[in-house]
Protein chains: 2
Amino acid sequence: MARAALSAGAVVDVALRLVDEEGAAALTLAAVASRAGVATPSLYKHVRNLAELRALMSVQIMDDLAERIGAAVLGRSADEAIRALMTTWREYVVEHPHRYSALVQAPEPMVARAGQRLVDIMLAALRAYGMDDTEAIHATRCLRAAMHGFAVLQAENAFQRPEKLDETYDLLIHMVVTGLRTPLRRT
Amino acid sequence: MARAALSAGAVVDVALRLVDEEGAAALTLAAVASRAGVATPSLYKHVRNLAELRALMSVQIMDDLAERIGAAVLGRSADEAIRALMTTWREYVVEHPHRYSALVQAPEPMVARAGQRLVDIMLAALRAYGMDDTEAIHATRCLRAAMHGFAVLQAENAFQRPEKLDETYDLLIHMVVTGLRTPLRRT
DNA sequence: CGGCTGCGGCTAATGCTATTAGCCTCTGAG
DNA sequence: CTCAGAGGCTAATAGCATTAGCCGCAGCCG
């Protein structure tokens, strides 16, 4: 091994801090390199290119989220689990709105795998409702769509009215829980 | 007036067609100019810069969406109105997935106004549930979050499993309608 | 009918971006 | 002590948005 110096993980850390502080649009290799105290091309020794850096950041974010949510859901019952899951998710977005904006749903297997981890946690939380596998998949997708949509819109500041976002989110949680409890009549 | 030639609207049209055919990532002034049969800097005679072009595209998209949805909702009852609204929204995304990915929620007043038009239609559709204004705002936000989240995830191809997306969407509609019907207990 | 004004095109130039090539140095293993 | 390679560097390239400045033609005014 050569000098201590940088590593892929360190670059991702620097990039995440940059995004947290200056917004997703400020993510540029030059800016990351500058923060890392290194010349721009040096980053290529640790990361294949900007796209890969983005993917690695997304993986890191999803892993953070999965860890938090996993802990929050642990040992909770069905409805309470969903509530905890959704609350924790939103807390993360409120804490790091820029970071959430930087999330990318690339077709990279790396990112897909990290996403799968999140989905698995959701699936586990839904098991308690006594759904079969197919139903659980559909329910997970809805849960994900609702949370992700809310998160994206909030991170983009798309909710302009003065009404409290917390109350809106309470309603969203209510909608999800009620929708899961009330069976869908079969056609 | 000089020659017939281009106009801001025409540039937006060309850009939308480009995005439809080649994806949101292909949106570049050079590509738009080439399609319009004009040199790149000429676009600046019609559009202030790339950001404005993006905003104008978003406005156009939201207007399209508002028109369709407005027509779909017209003369329908509460639940049926919501179902029609959500179905129509998704049809648009399926028809133009790249276009939806190109949607930007800029803080530009122009875009905000177009978004407001969409929100107003949703609000109107929710009136039938006998909510007061505040409740209706919260409900609209939830509706929007659910639809937008689903749309974004679908446009980004984030749903990988073989289960039919149509069925998932049916469940989402069900969740929303049920959630709106079941009153939220007051704390 | 003739000249002027400005719209809408153009070319050239700038500065930022990611990315590649090729060099050099210091580290740590043998 | 040697030497290979990890990890830094500078220099160079190509594509991007954007700006400056020029030029021709259309239509209006006299």
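This is a predicted model: local features need pLDDT of at least 70, side-chain atom pairs count only at pLDDT 80 or more; totals for chains, interfaces and linings use all residues.
Local features require pLDDT of at least 70 and side-chain atom pairs pLDDT 80 or more, whereas totals for chains, interfaces and linings use all residues. Residues are numbered from 1 along each chain, chains are lettered from A in the order in which they are written, and side-chain values use heavy atoms, without hydrogens and water.

In the interface, 39 residues of chain B are in contact (heavy atoms within 4.5 Å) with 38 residues of chain A. The two chains bury about 3,700 Å² between them, 67% of it on carbon and sulfur atoms; buried area is the accessible area (1.4 Å probe) lost on putting two parts together, summed over both. B:R141, B:C142 and B:M175 supply 18% of the area that chain B buries against chain A, more than any other three residues. Across this interface, 14 residue pairs are in polar contact, with both residues at pLDDT 80 or more; such a contact is a pair of N or O atoms within 3.5 Å, where within protein one must be able to donate a hydrogen and the other to accept it, and residues adjacent in sequence count only if both atoms are side-chain atoms.

Around DNA strand D there are 19 residues with a heavy atom within 4 Å, the closest being A:A5, A:A39, A:S42, A:H46 and B:L50.
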